[in-house]
Amino acid sequence: MTPASPPALLRVGELARRVHMTVRALHHYDDIGLLRPRHRSAAGYRLYAQEDIARLQHIQALRSLGLGLAQIGRLLDEHPQDIAPLLRRHIQQLDKEIERQRQMRDGLYSLLDTTGTSSDWHGRLELIALCNRYLAPQDKQAPPLLEADGRLRAPWRRRLQGLERLRLSGVPADHPHARRAARRWMIALEEETRRDPALFQQLRRMFKDEPALGRRTGLSPELDQYLLRAYAHHRLTLFQPYLSPEAFAYLSDHYPDALPLWPDLMADLLDAVQRGDAPAHPRTQALLDRWLALQQRYTLDATAAKNLRLAQETEPGLQEGTWLPPAVLRLLKDALALRSLDV
């Protein structure tokens, strides 16, 4: 019996024609270690065996699913028999991209359904771009506070105009009129953002980083600072009965400057809760350090700190406008317990 002849080896040009690829692409696969031929001719030409061709077919199949070359290389070299975890991760990435594209499509359909002036179109396009940049998918279709053209909705315009009249009239931020207006704004804003500190922080960052949005809506940096200081003074009136004159004077001097720093910390704490970070996790303990350091900025001593905590637990008005979910407070309490402290 005549022995079977060994399978023929293919040169790079022959393989390229068979699999409908370019020679340059096969050279690149060789250079990055993704597909290195097992043989070379006497003249140094690449020669591909059946095993090389089978690997190339696997590469092409995975590329058709959208996987990158680096992912494919790791998969074939490290886990050739178990592609399920990688495919699941890739499916998750595709789902996110599909949702992003769907949101963009819906926004464009909404834009087509509207009529108006050129400025209306520009406003709508700008708002779509801002929402895509700053907001989560579930918040893009109806962003808080805003109309489709990027202007404030009517109730928010009225609130803002009232605050601006007070500021321009020289009414100080600690005046009762300013305090009441700021309290109404913050209560309404907490409702508008579904008491979600992450959404509040995304919205605040959008207004802070996009000056054109502030000009369009009238929420200038000066008015924003006036609003926050007025709200800080409202909260000071609720803290006052619980503090000594010296502790309250110290709080009054420092609390208005510290209040704008809370939203960033609140958003980071919510991220920790959503990740499932344990109280002892280094990230949680670092957030606790930030919490305590921020409290210390406006707290005279340990007695004042204890009385401030009592006020926060006792006064319903101090729960307003805090974006403080119970899960965040529990995480802080548990993290503090590890240090034999109390919130």
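The crossing of α3 and α4 is right-handed, that is, the near helix is turned clockwise from the far one by less than a right angle. Residues of α3 that make the contact are Arg 55, His 58, Ile 59, Leu 62 and Arg 63, and they meet Leu 69, Ile 72, Leu 75, Leu 76 and Asp 77 of α4; contact means heavy atoms within 4.5 Å. By class, this contact of α3 with α4 comprises six nonpolar, one polar and three charged residues.

The model is predicted: local features need pLDDT of at least 70, side-chain atom pairs count only at pLDDT 80 or more, and totals for chains, interfaces and linings use all residues. Residues are numbered from 1 along each chain as its sequence is written, and side-chain values use heavy atoms, with hydrogens and water left out.

The packing geometry is as follows.

| Helix pair | Angle | Axes apart |
|---|---|---|
| α1 (residues 12-19) and α3 (residues 50-64) | about 40 degrees | 12 Å |
| α3 and α4 (residues 69-78) | about 135 degrees | 10 Å |

Angles run from 0 to 180 degrees between N-to-C directions. α1 and α3 are therefore oblique to each other, a term for angles that are not under 35 degrees (roughly parallel), over 145 (roughly antiparallel) or 65 to 115 (roughly perpendicular).

The crossing of α1 and α3 is right-handed. Leu 15, Arg 18 and Val 19 of α1 form this contact with Ile 53, Leu 56 and Gln 60 of α3. The contact of α1 with α3 has four nonpolar, one polar and one charged residues.

Methods: Helix = DSSP H or I, 4+ residues; strand = E, 2+ residues; numbered from the N terminus. Nonpolar A, V, L, I, M, F, W, Y, C, P; charged D, E, K, R; others polar.
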